[in-house]
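Please look through the sequence and the model below before reading on. The paragraphs that follow move from charged pairs to a helix and then to a sheet.

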Amino acid sequence: MAVTQLEYALLSLWAKLGYVEDERRYHPLVFHALDAAAVAEQLWRWGLTSRIHRLLADGLGLAPAVAERWVVFLTALHDFGKATPVFQFRLPQPRDDLERAAVRQVKEAGFSCPVLPEHACLPHGTLTSLVLAPLLRARGLSPRLACRLADTVAGHHGRFPDQAVLSRADPAAGDKSWEAVRRVLFETLASLLDVPPEVPQRADFPALAVLAGFVTVVDWIASISQPFFPYAAVLGRPLEMSLEDYSTRARAQARQAVESLRWKLPQRLPPGDFRAVFPALGSPRPVQQTVTALADRLSPDAPALVIIEAPTGEGKTEAAWLLADRWGITGSARGVYIGMPTRATGDALFDRIRQVLAHRYAARGTDTVVLQLVHGHAAVSAEEERVRLDPSLPAPEGLWNDGQPPEGRHAVVVAGEWFTYRKRGLLAPFGVGTVDQALLAALRLRHSFLRLFGLAGRVVVFDEVHAYDTYMLSLFERLLEWLAAIGSSVIVLSATLAPSRRAALAAAFRRGLAPADAPVVPLPEARYPRITVVTPDACSVEPVAASARSQRTIRLETLPILPDEDGYRELARYLADALSAGGCAAVVCNTVRQAQECFQALRPRFPGRADDGDPELDLLHARYPAVWRSEREQRVLRRFGKPGGTVPTPDGSRVPVSRPRRAVLVATQIVEQSLDLDFDLLLTFPAPIDLLLQRAGRLHRHQRETRPPSLAEPCVVLLGPPLDDHGVPLFDRGTLAIYDEHILLRTWFALRTRRELRMPEETDDLIAAVYEDGPQPQLPEALARPWRETAERLRQTLAFERNEAAKRWVCAPGEGRLEDLTDADLAEETTSTHPAFQALTRLGEPSVTLVPVFRTADRRTVLDPEGHEPVDLAASPNPQDCVRILRWSIEVGGNYLLRLLDESERVCQPEPWQRSPLLARVRVAWFDPDGSLPLARDSVLVLDRTLGLVTRKGTIDADL
C-alpha cells in the first residue's frame, strides 16, 4: 500500500535513534506505539490471567473485552509526549550529529520549532501527561479520569509527573499545528487498534498502579531493538511502509519477543492432590492433610490469606505449595513467588521447587516453565545456573532519549536490572527469592508500581515471618494491604508467630479486601498448631494436629559461659565429653566473629578428619566469597542433611547424603533458617525465644535408625548467659548487637527454671510470655531495674522502627494518589546516601558487596588467591564475566568497617562496572598476596580459606 501524505508526516516523527552498521537510523513514533500495542496484546493474552483481567476491567468500569482494547490503546499512548517540539527538536538544543540529523528530518516534514522558555523543556513522560489528557477528554472521559489515566501511562520511567510542573508547562506542547498532529496520531492509533466507543468510567487506585507497571514492562520490551524491534527507517530516506503493514509486522515481532523472554504463563493444569504433586514424599502429614482439604474448599479465583503455624519439620513448605499449586497453576492466579527471609533460604528452597515444577509439568511436552531465583546475588547461584535457559537477555534501548534522568546513569542501570535475573523473577511465572524484593513494592521509590504489577494476581508465599523485626513487619502489613487490593493470594508460614502479630497480619489483608469503613472482624481463638484463613467473606482459625515426630520433649541444659577464651575452653571440654561415643553437634553463634573465634578455640579438641574424609570440625557463616560459601553449604548438606537424600554439586550432578560418625559444625544463624539439617546435639548462644525454638527444630529433625545412646534424647544446651553477683544475666556484646536486650531478658526469664520443653503444646505460652504485653512479674529490685530500663528502650525502639517504616512506605491502596507511590528522594539499595534517604527493607547497619582482587607475581589481576581467575578491571564485563566476578564477592557490613573501607585507597569501583546492572553496586578491594588488606587505625582484613573474611587488630564492630 502507498504511504499517504498524512502518514508521511507521522512517519517523520521519531521515537528512538541509533547507528546500525554506520547508518543513522530511527524508529518512527507511531511504529513504537504499534510495537507497544502489539506487546500489550501478547502480555494480556499470555502473561496475565482472568484475575488480572477482572482487576483492570473492574478498576476501569468496563467489561473485560472492552478493557483489553483500552489497556492496549493506553499503552500505545505512553510516549505521546514525544509528539512535541521539545522532544522532536531536542530542545534546548541537539546534543550530537545523530540528533541534528533527526531535527533536519522533522523540519523538512513541515513541523515548526517554537522558541520556548527553559522551564518548558520537560521530559517526554511529563509531556505525555500534558498533551494526552485533552485528547482523552475529547473522546468522552471525565476531566479527572482523563488526567489520572494520562498520568498513569506517563509514569513508565518510574515516577509520575509533578503536578506543579504540569501547571506551568503549556508552552511545551507547541502550537495548533502540533495539536492537530497529535489528534491525527491519537485517532489513527484508535482506529488501528479497534478501540470501542465505550470509555472508562472510573480509575480505582490499585488498578492504576497495576496498569502503570504493565505499561512500563511493555515499553521496555518494545524498546529492545535487537532482535525484536529493529529501527525501521534511515534518517533522511523515505520510508515506504504503510501503518497497516507495520502493524502486522509488529504483532509478529511481539509474539517472538514475549516467547523469547519466557514471561508467557504455562497452560493451566488440572488440580492435583498431595501424591500427584509430591510423589516421592509418601503419606501427607496432618498439616498437609488439613491444607489439602482447605484447598478443596477455598475458591481458586478469589484472593485469600492463609497463615500456617506449625513446628519445624511438619511440612509447611509442601503444604503451602499445595495451595500455591491449586491457585497459581490450576486456578486463576498468575504464577507463584516465594519470598524467603535470607538469600541462603532462597537458595536452599530453589532446587526443591524446581524439582516439583519439573514433575508437575513433565507431561506437558512443549511447555517451557520458567523458575527464577530473585535476590541480589541470584546470578551467582549454582542452582540458578543449572536452569538458566540463556546467558543473558537483550536490554531495552533508548529509555532516556530526553537525556540523562535526574539520577544520571544510575537510573538507566536500575532499568536494565529488570532484564537481568536479579529482578525478572517478579515478572516471570515462578520465582523464589527474598522477602526484600517483595517489600520494595511497599516502599515509595522509583518503579514501586512495577513491583506491584509483578506481584499482582499471584500467589505470594512468605516463610519464616517470625524472623521479621518491627520495621519489616510494618512494611509487610502495608504490603499485605496492597496484595489483597491487587488480587493476590498470600500464604504466610511460621513456626513461632506471636498471637498479636498473627492478628495484625490478618487485619492488614482484610483492609486491602474491604472498604475502609468495613467493621473489624476479630480472629477466633484456636490452639497451636493452627491455620488462619482470611477471605473476602470471612475470617476463620482452625487447629491442626501435630505429627508424632513433633510431639516430643526436649531436654534443656545450661552451660553458663560467655563467648570468650575461658568460655570456649569450657565449651570444648563439654563437646569432647558429649561426643566421646560419636554424634553430630551444632554450635549456633550470633555473630560471624563469635563463630570464627569459637571455631578456632575448638580446633585443638577436634583437629582431625571424620570418617567421611572431611574435617571433624567445620565452620559456616556468610562472610566467605560466594563460591567458597556454596562449597561449604553443599558439604554441610551432604553431611547433616536428610537421610536418603541427595545434594547438588557445581557440575550439575547429585551426591548422596552421608553422615559422619562424629562431627561438629560451628555456624551462625544460617542453620537456623536456611538449610534442612539434622543434629544429634544442639548448643546455642542466647537468642529470642522464637529463634531458640527455630534452632531446636534442627535437633533430631529427621528419623534415623540409630543415634549415639547418650544423644538418643533430644537436648538443647543453652550457652549462657552467666549471672552477675545480683542474679542479673550478662549478655555478650555481640549478642546485644543483634538482638534486643529486653527480649533476651524475657526469654531468659521464661526458661530460667525449665529443664525441658514439651512441644508443640508449650509453644504458644512461651511465645506469649516473651512477646505479648502483660504486667511486669514480681522480681527482686536488682533484676526489676534492668527489666524496666530495657522495656523502656524496647518501647522506644519499636516506636522508632514503626516511624521509620511510615516515612518510607507507599500510601494505602484506598487512600492515595499516583505520586504517593514514588519518591524522588529515596534511593534503592545504595550505601552512598544517608540512611534517611535509602529505600531500606531492613533497618540496621549498611552493607556493601566487596570483590577481593589480587596481583600475581607476573602482574596479572586475579579474583582468587591461587591466581586461577583472571579479571580485567578496565574492560566492560559481559554477562558471563559479571557472573564469574560475583561468584567471588562477599557481603560486608557495619558502619565502622564501611568507613574504613571508604577511607582506603585500595578499595574502589572500576568505571566500566558502574555501567553494568549486575556490578553497579560492587566495589573492588585490593588484597596482598598473603590475603591481607591493611586499613586505617591498625585494622587489617584477612581473607582466609578456612575462616573466611577476618579482622585482625584494631576495633571493628562485633557483627563482623
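This is a predicted model: local features need pLDDT of at least 70, side-chain atom pairs count only at pLDDT 80 or more; totals for chains, interfaces and linings use all residues.

A residue is called buried when its relative accessible area is under 20%, exposed when that value is over 50%, and partly exposed when it lies in between.

A search of the whole structure finds 53 salt bridges. One of them joins Arg360 and Asp325, whose closest N and O atoms are 2.6 Å apart. Since Arg360 belongs to helix H16 (residues 343-360) and Asp325 to helix H15 (residues 316-329), the pair ties together parts that are 35 residues apart in sequence. Both partners, Arg360 and Asp325, are buried.

Another salt bridge is formed by the side chains of Arg638 and Asp614, with a distance of 2.7 Å from N to O. Here Arg638 lies in helix H25 (residues 626-640), whereas Asp614 sits in the loop between helix H24 (592-602) and strand S14 (617-620), so this pair links parts that are 24 residues apart in sequence. Arg638 counts as partly exposed because its relative accessibility is 25%, while Asp614, at 15%, counts as buried.

Asp676 and Arg701 form a salt bridge in which the closest N and O atoms are 2.5 Å apart. Asp676 is found in the loop between helix H26 (670-673) and strand S18 (681-684), and Arg701 in the loop between helix H27 (689-696) and strand S19 (715-718), so the pair ties together parts that are 25 residues apart in sequence. Asp676, at 29% relative accessibility, counts as partly exposed, and Arg701, at 14%, counts as buried. Salt bridges can also share partners, and in this way Glu41, Arg45, Glu68, Arg69 and Arg251 are joined into one network.

We turn now to a helix and its surroundings. In helix H33 (residues 895-903), the buried residues are Tyr896, Leu897, Leu898, Leu900 and Leu901. These buried residues pack against several strands, among them strand S21 (847-855), strand S26 (932-934) and strand S27 (940-944).

Strands S26 and S27 also belong to an open sheet of three strands, which has the order S26-S27-S28 and antiparallel pairing. Its edge strands are S26 and strand S28 (948-952), each of which pairs on one side only. On average, neighbouring strands of this sheet are turned by 20° against each other, direction ignored. The antiparallel pairing of S26 with S27 runs over three bridges, and Pro934 stands opposite Val940 in S27.

Terms used:
Residues are numbered from 1 along each chain as its sequence is written. Side-chain values use heavy atoms; hydrogens and water are left out. Buried means under 20% relative accessible area, exposed over 50%, partly exposed in between (1.4 Å probe, protein chains only). Helices (H or I, at least four residues) and strands (E, at least two) are DSSP runs, numbered from the N terminus. Contact means heavy atoms within 4.5 Å. A salt bridge is a side-chain nitrogen of Lys or Arg within 4 Å of a carboxyl oxygen of Asp or Glu. Two strands pair if DSSP finds at least two bridges between them. Axes are lines fitted to C-alpha atoms, for helices over the stretch in contact, and angles run from 0 to 180 degrees between N-to-C directions.
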